[in-house]
Each structure stands twice: as structure tokens, then as C-alpha cells.
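Have the viewer open as you read.

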Amino acid sequence: MTIRFSFGGDEHIFGEVSESMSLEAFFTSLSMTNAVKAAGIKGVTEICPANASFQVKFDPDRIRPGDLLKELQGMEAAASQSDASLQTRIIEIPVLYQDPWTHETLMRFRERHQDPTRTDLEYAAEINGLGTVENFIKAHSSQPWFVSMVGFVAGLPFLYQMVERERQLQVPKYLRPRTDTPKLTVGHGGCFSCIYSVRGAGGYQMFGITPMPIYDPNQQVSYLREEMCLFRPGDIVKWKPISRDDYDAALEAVEANRFEPVIRPATFSLSEFNNDMAGTNARLMEALHGR
Amino acid sequence: MAVKVISPGLSTTVQDLGRPGYYHLGIPLSGGMDRFALRVANMLVGNDEGAAVLEAVFTGPELEFTAPATLAVTGGDLPPKLNGEERPGWEAFPVRAGDRLSFGFLKSGARAYIAVSGGIDVPVKLGSRSTYTLGALGGHEGRALKAGDELPVGAGKAGKGSVPAALRRMPGSPAELRMLPGLYWHRITAEAGKRFFADTWKVAPEADRIGYRFKGGTALDFVPREQPFGAGSNPSNIVDACYPYGSIQVPGGTEPIVLHRDAVSGGGYMMLGCVISADMDLIGQLQPHAPARFVEVTMDQALAARADRQAALARVRDHLGR
């Protein structure tokens, strides 16, 4: 993979590792941004890895754009050969699929949807050839997902499904973005799922909602005291379908600040995953459930 | 010393020069949209140039002061009134305890910067006092001001002086926004690229601190391709990537959106390039329906324009004896 570099105005360099999404492209992007960080280049102010690309923001008063570009190009060979493995975490996210709040919202924006006669889940099940919503939820929640980018809004994770490409769920974004999405909506667009960390505009299809906060600007939530944002690129997520009663109980625990998320250390190696996806995912589930 | 909010105006927020370093988490820079006006307002009242001020958009707030201070209002022409009496913008003036500041109707521009000697002293969050309303972070309780709010003000030094019109900067009509093509520019046809620069666009009603939408130009024609895996089916879709500040995305190929200080940090729409850093302030002074054109520049021209803006700021410092 040869990185395509382009300047974003006079303050950014954009590097596209690949036009299409893959974990290989993600790991090259992550290696590049780690190398930029480690190099401590003067004038670099923001280093942002993304799914299959990355961005470096710089102060052109401190480093000439062409000089920074040369430095980045010099890191490319090492980054593309680096060992694609991580010490990371697996995080369980409880999800109430087909919840009343995203349902109310999606009904309000039906005219912006590909299929105004059906819900987002019904549409997603149909176009992925899964027949029923129940089958779709099973396909969505049975295998883990990989956080390949954090952003859009504060702390929002983009999640890439850890299954063979032909099994990956794909759904187009809304024809025109909504002006509203409930906070903590579990959404999906292209091949990515996401969790909307805050209420606001959005174009992803809406499948459900989690009671578990993932961003806290006040740093009061017990597990968000150190960092406002829960997710980092490289985290692994397992959705756990829950009932309305479970949701209400979890929300009560969140409000009393005694909600305990299930977060366990895990290791991930891309070559191991590519050789044996089912085995890798089974080991991740063992790490999650402490067996 | 405190500032009491009698009425907040349409959307008045606390802003400084922003919060760098957290964009990789989706937390944008924030800060004044017209940084030149923000810096000058602070200079006039004797503050550090990056002190926190109030940014008002389209309509001004009504404020009351609990102790003597120096004020200055810069930016768009939103005429300040002290106890009902009009005062010039871009000029320092004293207030006494109990005085009230209000505003007349906006005559030009879009945003005014209200600096108080000592600076608005809300808590620093992640290194800045700027308000990021979408993330409920910073500023006063992470939101735009409301009636009844009371904002602490730091200890100030005396400021004085005024800045003549020749040293200020406002967008022309049409506004000329210089942009460096790049990023996914190759996705549109050469003909579409020519039309993009030839068209005069208009600011759409959807124009805020996150981004400015433009309408009224020609829809883009894309170079045909099979959409890459994970991008989505529309030719304007890409695999979700980072969005630079000033980047011009075109969802569906129809209406360009220029991301500004509260930018969403990434997403799945192709971008044509970026408005250069020197012209970001101008966008902050555009009202809905204002005409605008995009003007192609090279990197060398972008850097020269940036140096020009720094020289303009240096002239204001000289003029004010700072």
C-alpha cells in the first residue's frame, strides 16, 4: 500500500493508506501516527489516525509544509512493515435494539430514508439478505467489532466488524442526514457501526441504544474520571443485546454512578486474526468473560 | 467582578483561541470564529490576546457589570450601547458598577466579540475556556449563555485606544474565500472543478460554528469509479476519514460545507480541499444569503496570505503601542 499524501490547506497533511477499508490499512495508519508521535516533530499540533487514513495538523510558521511531508514520507516504509499487533481492551456494550427513542426519531425522518415504509433495522435486514430483524441483530451482535477510528463528535467510535468481508454488514447512510439522533444511539453506515456519544445530527442507520455513557465532559462517571472519552483506536467491542428491563436497570445504575462496565485486557494480532477469525474471536470472548 | 447576563442574544458563547490537542478524540479546537477580531478586542482592553471573551452571533446580549472595567466590542458591526447610548465598536470604553451593555441591530458581518478587562474567567477545560456546545464542554457550563447567568471576570489592567477601519478586515461582497484544492479533488471532473470556482455561491441558513453550508452553485460531476469497500454507495462517499479545519465537503455533490472551529473531526464525505487559514476569519463574518466565491490558490500563495494576516495583526499591535 502506497500512502497518498495531500495537503489540507496550509495547516494539515492528509495521508490515505487505502481507498477501501481493511484492518491492514488501519494498522498502517496507526503505525504512521505512532511514528509521527514518537518523532516529536516541531510544529506538529494534532495527530489523528482514522480508519484507512490519517491526518497531521501543523503550524506552518514552525515547519514548512514540504519539510513535514518529506519527514512523513520517510516513515512510510517502516510503518507499512510494522508488526500489526496490539495490547488492547475488550469492552462489552449493552444494547437495547429496537428501542422506543431511536424508533421515534427514525419515524420523524422517514422522508430522508431509502425505504420510508420500513424501519432502519427492517431495511438493513432486507438488504443484507438476512430476512428478519432478529437474524440481523444476531449477525450484528454475535462477533466482536474493532474500533478503527474515534471522532466525528467527541469520543464517537467507528467500529469495524471482525468477520470475513463477505459476512460484513453494509448499509448505506441516510439519503440526507438527520438533524437529530438520540444520545448513545448505536448506528451503522457503510461497513461501520458507531455509538453517537452526544445528541445531534447524523446520517447512519439507527439500530438501538446503549445505557452506557461513553463521553463525560464533567468527568463524573466512575470510569470516565481520567479520560472524558472511553474509546481509543484499537479497542475491541462486543455488543450485548439486552431487554427493556435490563436497560432500565442499567440506566438506574448509571444515574446513581454505580454502573460497572465490563472492560478486560486483551491482545490482538492481525496475522493471527487473518489466519483464524473464529479462533481469535473465541479467545477474545474468553478474555471478556474471564474464563 | 462579574458579568450578569440579562438576556443572552441568539447564541452567545465564551471563546478564546481554542483547545488544540484533542481532535483525535473528536474534540475540536473551538475558539473564536473570527480570531483577528477576538485578539484585537483583547488588546483594546489590555488583556492577553488569547483571553476569553464573549462571541455573539447576529444579535447581541444584554449584560450588567458588577464592578468597574474596560470593555471593547469588535468584529461585525453590531453597535454596542452603554446604558442605552450608542458607543463605537473597535474602541475601548470604561464601565461602572451597575452599567448595562446592550446592542442595536447588526449592520454588517455576523459575529461580535465582547472583551472585558481581565477576561471571562470560567474554568479552564482541557487547556481552554472555549465553549464546545455540541460536546457540552468548556465555557459557561458547556453551553450558550442564558438569562440569569453570572460570569466571573479576572483581574484586569487598564486598556485604551481604538482601531480605525483601515486596520480591520471584513469580507467583501461576494466574499472571496481562497482555497487550496486537494484531498479528494481528483474525484470530480475537470469541468466540475472549473464550475466550482466560477460559480457564485450563497451562504445557506445552515451556517454555524460547526460549519457553513453554501448553495446555489452547480452540482458536481464525479469521475466514475466502483465505490471502495466500506465507503458507501454515493459517489461523494469515502471510507470515513479525518476532516481538516476549513475542509470543503460536498455531500451528494450538491452543497459544499466548510467546516469551522467546532468541526466534526471526521466522516464519510469527500472533500475538495481547504479554505486557507488566512481566510477562516472571514467565514465567521458571513450572514446567511451572503454571496461567496471560492478562489484557487497554491500553497505558496496560502503561506503568503498567512504572513499578510500576521503583518496586519502586527500593525494593530503597533497602532495600540503593544
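How many salt bridges does the rule find across the interface of chain A and chain B? The rule finds 6, where a salt bridge is a side-chain nitrogen of Lys or Arg within 4 Å of a carboxyl oxygen of Asp or Glu.

## Ground rules

This is a predicted model, in which local features need pLDDT of at least 70 and side-chain atom pairs count only at pLDDT 80 or more, while totals for chains, interfaces and linings use all residues. Residues are numbered from 1 along each chain as its sequence is written, chains are lettered from A and ligands numbered from 1 in the order in which they are written, and side-chain values use heavy atoms, with hydrogens and water left out.

## Where the two chains meet

The size of an interface is often given as the accessible area lost when the parts come together. Here chain A and chain B bury about 4,100 Å² between them, with 59% of it on carbon and sulfur atoms; buried area is the accessible area (1.4 Å probe) that two parts lose on being put together, summed over both. Chain A brings 55 residues to the contact and chain B brings 52, contact meaning heavy atoms within 4.5 Å.

One salt bridge to look up joins the side chains of B:Arg225 and A:Glu19, at 2.8 Å from N to O. On the side of chain A that touches chain B, the elements giving two or more residues are β1 (4–8), β2 (12–16), β3 (44–49), β4 (53–58), β6 (145–150) and β7 (157–161) of chain A. The largest share, 5 residues, comes from β3(A). Helices (H or I, at least four residues) and strands (E, at least two) are DSSP runs, numbered from the N terminus. By class, this side of chain A has 28 nonpolar, 15 polar and 12 charged residues; Ala, Val, Leu, Ile, Met, Phe, Trp, Tyr, Cys and Pro count as nonpolar, Asp, Glu, Lys and Arg as charged, and the others, Gly among them, as polar.

## A leucine that touches both chains

B:Leu183 sits in the loop between β12 (175–181) and α2 (190–198) of chain B. Is B:Leu183 buried or exposed? B:Leu183 counts as buried because its relative accessibility is 1% (buried means under 20% relative accessible area, exposed over 50%, partly exposed in between, with a 1.4 Å probe and protein chains only). Not counting residues up to four places away in sequence, B:Leu183 touches residues of both chains, including A:Arg4, A:Phe7, A:Phe14, B:Pro244 and B:Met271.

## Salt bridges within the chains

Over all chains, the count comes to 40 salt bridges. In one of them, the side chains of A:Arg4 and A:Glu16 meet at 3.1 Å, N to O. A:Arg4 is partly exposed at 24% relative accessibility, whereas A:Glu16 is buried at 6%.

In chain B, the side chains of B:Arg317 and B:Glu49 meet at 2.6 Å, N to O. B:Arg317 belongs to helix α4 (residues 299–319) of chain B and B:Glu49 to the loop between α1 (35–44) and β3 (53–57), 268 residues apart. There is also a network of salt bridges that links A:Asp10, A:Glu11, A:Lys57, A:Asp59, A:Asp61 and B:Arg306.

## A helix in chain A

In helix α4 (residues 120–127) of chain A, the buried residues are A:Asp120, A:Leu121, A:Tyr123, A:Ala124 and A:Ala125. These buried residues pack against α3 (100–108), α5 (133–141) and β10 (205–209) of chain A. After α4(A) comes A:Gly129, with a positive phi near 65°.
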